[in-house]
Amino acid sequence: MLKFHFNVGNDIGNSEQDIYVDGVLVRQPNVFSLTGQIPWSDDDVDVQKNLKNIYDNLAVSIVSGSGIQTGLYTIGKHALKTNGENVTSLYVKGNGTKADQMVPYINTLSAIAARAVEKANALGELADEIEVIVDMAAALPVKQHSPENTRKMRDKFMNGTHSVSVHLGLTKKIDVKIKFDYVHILQEGTPVTFALQMDSKGNWRTSGYEDTNEGTNQELPLFKEFAETYNLGDIDGSFLDGKNVLHLDCGDGTTDSPFTRGDAVDKDFCDGVNHGIGHAIDPAIPDLINLAPHAFNSLSRQQYSEILKSQFSGRPHKFLNEAIQAFGPHCGNQVAQIIKHANDQILNIGPNEIDIIAVYGGGSILMRDHLFPKLKELAESTRIMLFYVPKEYAVTLNAEGLDFFVRSPIYAQLKQDYEAATTAKKTVKTAAKEVASTKEN
């Protein structure tokens with residue numbers, strides 16, 4: 001049996017999952033769909049196609065003993081392509097937490113299994129069975145990051161072995177056994193403290209996380225706009241070293257606002273609100289359908305999001321203008337709440353304590369036209385620098401920070417402490433059983 005050890009940095013977004021698996025960034029719509037049969041018709045054609053584009057054609061069977069729903073699933077882009085709006089996504093309204101929903105578990109196991117198959121194929125060792133040991137760092141929104149929720153999510157992953165079959169063809173499948181050695185759950189937003197300062201090699205960051213010398217982002221260094229706004233000259237990630245930063249991590253369902261002093265999180269001022277792009281898209285869907293009744297019958301939140309994102313691609317959607325028109329008023333409502341929250345945070349912390357407001361996340365891109373001017377006005381009135389992260393970097397910062405964290409000495413020490421505490425508990429239980437047995441005799 002082929003065996004791998006993977007480090008995993010897992011950003012479980014409401015709209016998109018950005019997950020580093022063994023150094024490879026996998027980005028997928030964070031959705032799945034239960035299906036009744038394997039979606040492939042033969043082996044000869046389908047296997048090669050699916051090995052070449054495994055994440056775009058992901059179909060898996062999952063069997064797990066830790067309360068994760070057994071079933072046959074299509075994942076991410078494949079689920080959206082084949083089932084449209086009839087997919088399961090994270091519910092962004094109400095009090096339900098990510099730890100209580102199936103999407104994070106099913107999609108994370110699927111991404112890890114797909115990466116194992118991809119790596120085995122690249123090595124020319126595509127065995128029928130693969131075993132993967134995983135060390136993982138993930139994150140929960142600030143409001144959901146309670147001891148109960150972190151324990152629940154950690155235990156769901158760590159209790160037992162998960163069996164994931166990756167279906168490559170009608171009969172061809174690879175069985176991947178996944179065992180989590182340790183899982184640490186951070187607050188969403190806090191991993192960005194690492195990612196904004198350092199690249200994957202531990203150097204001060206100037207542009208891309210994975211390679212600071214080559215890549216598509218060299219024409220737009222990470223700090224270019226920020227440095228020009230405040231006449232800072234040529235800066236890199238070291239500029240943020242020791243700074244006090246109020247973060248605004250704008251997502252689909254939440255906007256988290258942790259406050260960091262240097263590299264340390266000030267837990268007294270970590271907060272968040274249930275406002276974000278998803279709350280604007282949901283009510284915009286019927287408005288868009290009314291504006292373009294012959295173009296859409298129904299839409300999922302992820303499909304609407306893809307239409308809006310097309311404005312940054314080389315192929316804008318035919319009904320992008322209508323989508324923006326329908327989205328605008330609802331986005332304005334969300335932005336108003338986010339600005340109110342940001343102002344409350346500044347007043348609570350004290351503007352003199354805050355050096356920089358850093359804004360990022362997928363929501364920051366789609367809300368920029370509404371959000372940036374208001375934040376700029378707020379920052380200027382409180383004499384705080386505003387670092388609105390460019391769209392080329394804004395989405396993956398959490399995943400990058402989690403990837404950096406899971407490979408760090410801090411993670412290694414936390415893992416060691418957890419293992420020591422677990423061993424101590426087992427020793428106490430064993431001793432108690434022995435005492436009880438002696439009394440019975």
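Me: What makes strand 9 and strand 10 a pair?
Reply: This is a predicted model. In it, six bridges join strand 9 to strand 10 (residues 173–187). Pairing takes at least two bridges, so the two strands count as paired. They run antiparallel. Serine 163 stands opposite lysine 177 in strand 10. A hairpin of five residues links the two strands.

Me: How do you know that strand 5 pairs with strand 9?
Reply: Count the bridges again. Five of them join strand 5 (residues 59–64) to strand 9. The cut-off is at least two, so this is a pair. These strands also run antiparallel. Isoleucine 62 has valine 164 in strand 9 as its bridge partner.

Me: Why is strand 9 called largely enclosed?
Reply: Five of its six residues are buried, so the rest of the structure largely encloses strand 9.

Me: Why is histidine 167 called buried?
Reply: Histidine 167 belongs to strand 9. Its relative accessible area is 6%. Buried means under 20%, so histidine 167 qualifies.

Me: What makes the link between histidine 167 and serine 61 a polar contact?
Reply: Their side chains are joined at 2.7 Å.

Me: How do you know that the buried residues of helix 1 line one face?
Reply: Start with the names. In helix 1 (residues 44–52), Asp46, Val47, Asn50 and Leu51 are buried. Seen down the helix axis, they fall within an arc of 125 degrees, so they line one face. An α-helix has 3.6 residues a turn, so residues three or four places apart point the same way. On the other side of helix 1, Asp44, Val45, Gln48 and Lys52 are exposed.

Me: What do the buried residues of helix 1 pack against?
Reply: They pack against helix 3 (103–122) and strand 9 (162–167).

Me: Which residues touch the most other members of the largest nonpolar core?
Reply: That core has 64 residues. Ile112, Val117, Ile130, Val166, Val176, Ile178 and Phe180 touch the most other members. Helix 3 gives the largest share, 11 residues. Another core lies apart, with 39 residues, among them Ile285 and Leu299.

Me: Which residues does phenylalanine 180 contact, leaving aside neighbours within four places in sequence?
Reply: They are Leu109, Ile112, Val134, Met136, Phe157, Met158 and His162.

Notes:
Residues are numbered from 1 along each chain as its sequence is written. This is a predicted model: local features need pLDDT of at least 70, side-chain atom pairs count only at pLDDT 80 or more; totals for chains, interfaces and linings use all residues. Side-chain values use heavy atoms; hydrogens and water are left out. Buried means under 20% relative accessible area, exposed over 50%, partly exposed in between (1.4 Å probe, protein chains only). Helices (H or I, at least four residues) and strands (E, at least two) are DSSP runs, numbered from the N terminus. The arc is that of the directions from the helix axis to the C-beta atoms. Contact means heavy atoms within 4.5 Å. A nonpolar core is a set of buried Ala, Val, Leu, Ile, Met, Phe, Trp, Tyr and Cys residues joined through side-chain atoms within 4.5 Å. A polar contact is a pair of N or O atoms within 3.5 Å; within protein, one must be able to donate a hydrogen and the other to accept it, and residues adjacent in sequence count only if both atoms are side-chain atoms.
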